[in-house]
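Please keep the sequence and the structure in view.

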Amino acid sequence: MSSIECFVPSMSGEDLEVTVGSFSRSTSFCGVTFLSGVSLGETQTLRDLAGAVSGKFVLIYTKNHPLEMGMFALDRILSIAEDTGADMLYSDHYKQVRDSHGETVRMRHPLIECQRGALRDDFDFGSVLVFRRTAFRKAVREMKTDRKWGALYDLRLRMKKIVHINEYLYTEI
């Protein structure tokens, strides 16, 4: 069975409970590491993650507010990763926002397909990025320039097979 290790930024205790709780509903979940005082834009941060990861897949959450994974979402991501041989996966998602009346509503946030040659640094992959550990480590190992801001973009450029999952698998709260 595949396993996924999650890396999330530091957040408040209650937000952390929601996020980790949603991960732990999956039997594929093998652990979480909290990223405090580091930037995913820095090459050294990605090197540290590559050295620390033990799961077959790496999930990186890029926002510092709570995340609610859908039921069986991690299992679905891993199933698609195994079926497609993807190096990187991203999915459509929901965003929880306040409407004009102050009510909390969940809005769909569909993403577009990533096409080779069309990847820009501001391409919207959403806040949940999943990488195959072997591809992640290889890409990070190939990074020769120490970047302070563009390391995550550099990482995505090095992925051979990026798969968009056209399903709403999580909610940014």
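Glu172 counts as buried because its relative accessibility is 4%, and buried means under 20%. The model is predicted. The count of cavities of 30 Å³ or more comes to 2.

**Glu172**

- Glu172 belongs to strand 8, which covers residues 162-172.

**Largest cavity**

- The largest cavity holds about 60 Å³ of space.
- Its lining includes Ser22, Phe23, Arg25 and Ser26.
- Met69, Gly70, Met71, Phe72, Ala73, Leu74 and Asp75 also line the largest cavity.
- Helix 1 (13-24) and helix 3 (73-84) each give at least two residues to this lining.
- Helix 3 supplies the largest share, with 3 residues.
- By class, the lining of the largest cavity has 6 nonpolar, 3 polar and 2 charged residues.

**Second largest cavity**

- About 40 Å³ of space lies in the second largest cavity.
- Its lining consists of Ile77, Leu89, Tyr90, Ser91, Val128, Val130, Ile165 and Tyr170.
- Strand 5 (88-98), strand 7 (128-132) and strand 8 are the elements that give two or more residues to this lining.
- Strand 5 gives the most, with 3 residues.
- The lining of the second largest cavity divides into 7 nonpolar residues, 1 polar and no charged.

Notes
Residues are numbered from 1 along each chain as its sequence is written. This is a predicted model: local features need pLDDT of at least 70, side-chain atom pairs count only at pLDDT 80 or more; totals for chains, interfaces and linings use all residues. Side-chain values use heavy atoms; hydrogens and water are left out. Helices (H or I, at least four residues) and strands (E, at least two) are DSSP runs, numbered from the N terminus. Buried means under 20% relative accessible area, exposed over 50%, partly exposed in between (1.4 Å probe, protein chains only). On a 1 Å grid over the protein atoms alone, a cavity is a set of points where a 1.4 Å probe fits but cannot get out, and a pocket is an open set with protein on both sides within 12 Å along at least five of seven lines; lining residues have an atom within 4 Å of a point. Grid points are joined across faces, edges and corners, and a volume is the space filled by probe spheres set on the points. Ala, Val, Leu, Ile, Met, Phe, Trp, Tyr, Cys and Pro count as nonpolar, Asp, Glu, Lys and Arg as charged, and the others, Gly among them, as polar.
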